[in-house]
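Please keep the sequence and the coordinates at hand.

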Amino acid sequence: MSAVCGRRGRPLIVFAWVLLAAVTIGSAAAFADTVNVIVDKAKVMRLPAGVATIVIGNPLIADASLQRGGVLVLTGKSFGSTNLLALDRDGRIILDKTVRVQGQSNADLVTVYRGVNRESYSCAPKCEPRITLGDSPSFFGATMAESASRSGAVQRAGTGGGPQH
């Protein structure tokens with residue numbers, strides 16, 4: 001015990017602290033290189049100067065839209081991770097980040113399992129069907145069709161093409 005804690009053990013303790021600091025700094029840097037986005041939500045970030053092109057590795061997971069003034073809008077489309085690259089006009093990489101898209105943790109989200117079929121509802125304050133990745137195909141399709149029908153009716157009413165009386 002005295003060999004570890006004595007004079008001879010000091011270099012070992014110093015080495016352990018240096019190693020711990022390096023791991024902590026390294027993991028903080030890796031964490032800083034990850035952008036977390038919630039599925040079906042958008043996140044705004046400011047890009048470094050000189051960005052001309054953005055690339056999303058898997059556009060099924062996230063979407064990115066470059067706006068004026070170096071503003072980027074990231075939208076989570078499905079669960080998973082992909083990468084985001086920002087290039088200058090010469091094609092050099094200015095920014096390289098991991099984009100992690102995670103599920104929502106809403107208190108109003110209720111998930112119902114009927115055997116192997118899953119259905120999601122937004123219950124704030126009344127429970128209504130909600131389009132959520134991972135729901136059973138029949139429930140997802142029916143909820144999507146209802147939403148699309150409602151959106152179409154709103155668009156027709158806004159252009160004067162609503163029902164005639």
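How many disulfides does the structure hold? The answer is one. Note that the model is predicted.

**The disulfide**

The link runs from cysteine 123 to cysteine 127, with an S to S distance of 1.9 Å. The angle about the S-S bond is 115 degrees, and the link is right-handed. The two cysteines are also bridge partners, with cysteine 127 placed in S10.

Is cysteine 123 buried or exposed? Its relative accessibility is 18%, so cysteine 123 counts as buried, the cut-off being under 20%. Cysteine 127 has a relative accessible area of 45%, so this residue is partly exposed.

**The sheet around the disulfide**

Strands S8, S9 and S10 form an open sheet in the order S8-S9-S10, and the pairing is antiparallel. Strand S8 (109-114) and S10 are the edge strands, and each of them pairs on one side only. On average, neighbouring strands here are turned by 35 degrees against each other, direction ignored. S9 and S10 run antiparallel and are joined by three bridges. Helix H3 packs on this sheet and touches S9 and S10. The direction of H3 makes about 40 degrees with that of S9.

**Helix H3**

H3 covers residues 137-158, which is 22 residues. From first C-alpha to last, H3 reaches 31 Å, close to the 32 Å expected at 1.5 Å a residue. Which residues of H3 are buried? They include Phe139, Thr143 and Gly152. The buried residues of the helix pack against strand S9 (117-123) and strand S10 (127-129).

**The aromatic pair**

The structure holds one aromatic pair. Its members are tyrosine 121 and phenylalanine 139, with ring centres 5.5 Å apart and planes at 55 degrees. Why is the pair called tilted? Planes under 30 degrees apart count as stacked and those over 60 as edge-to-face, so the 55 degrees of this pair make it tilted.

Tyrosine 121 lies in strand S9 and phenylalanine 139 in helix H3. The pair therefore ties together parts that are 18 residues apart in sequence.

Threonine 132 sits in the loop between S10 and H3. At 12% relative accessibility, threonine 132 counts as buried. Which residues does threonine 132 touch, not counting residues up to four places away in sequence? They are Leu109, Arg118, Ser120 and Phe140.

The table collects the accessibility values for this region.

| Residue | Relative accessibility | Class |
|---|---|---|
| Cysteine 123 | 18% | buried |
| Cysteine 127 | 45% | partly exposed |
| Threonine 132 | 12% | buried |

**A second sheet**

Another open sheet has four strands in the order S1-S7-S6-S3, with mixed pairing. S1 and strand S3 (53-56) stand at its edges. Each has a single partner strand, so one side of each is left without a neighbour in the sheet. Neighbouring strands of this sheet are turned by 25 degrees against each other on average, direction ignored.

S1 and strand S7 (residues 93-102) run parallel, and five bridges join them. Valine 35 stands opposite valine 99 in S7.

Where is aspartate 40 found? Its place is the loop between strand S1 (34-38) and strand S2 (42-46). Leaving aside neighbours within four places in sequence, aspartate 40 is in contact with Gly76, Gln104 and Ile131. Aspartate 40 and glutamine 104 are 64 residues apart in sequence, while their C-alpha atoms are 8.6 Å apart in space.

**The whole protein**

The protein has three helices and ten strands. Along the sequence, the pattern is α-α-β-β-β-β-β-β-β-β-β-β-α. Of the 165 residues, 25% are buried. Contacts between residues at least 6 apart in sequence can be split by range: 43% of them join residues at least 24 apart.

How values were computed
Residues are numbered from 1 along each chain as its sequence is written. This is a predicted model: local features need pLDDT of at least 70, side-chain atom pairs count only at pLDDT 80 or more; totals for chains, interfaces and linings use all residues. Side-chain values use heavy atoms; hydrogens and water are left out. A disulfide is a pair of cysteine sulfur atoms within 2.5 Å. Buried means under 20% relative accessible area, exposed over 50%, partly exposed in between (1.4 Å probe, protein chains only). The expected span of a helix is 1.5 Å times one less than its number of residues. Contact means heavy atoms within 4.5 Å. Two strands pair if DSSP finds at least two bridges between them. Axes are lines fitted to C-alpha atoms, for helices over the stretch in contact, and angles run from 0 to 180 degrees between N-to-C directions. Rings of Phe, Tyr and Trp (its six-membered ring) pair if their centres lie within 6.5 Å; planes under 30 degrees apart count as stacked, over 60 as edge-to-face and the rest as tilted.
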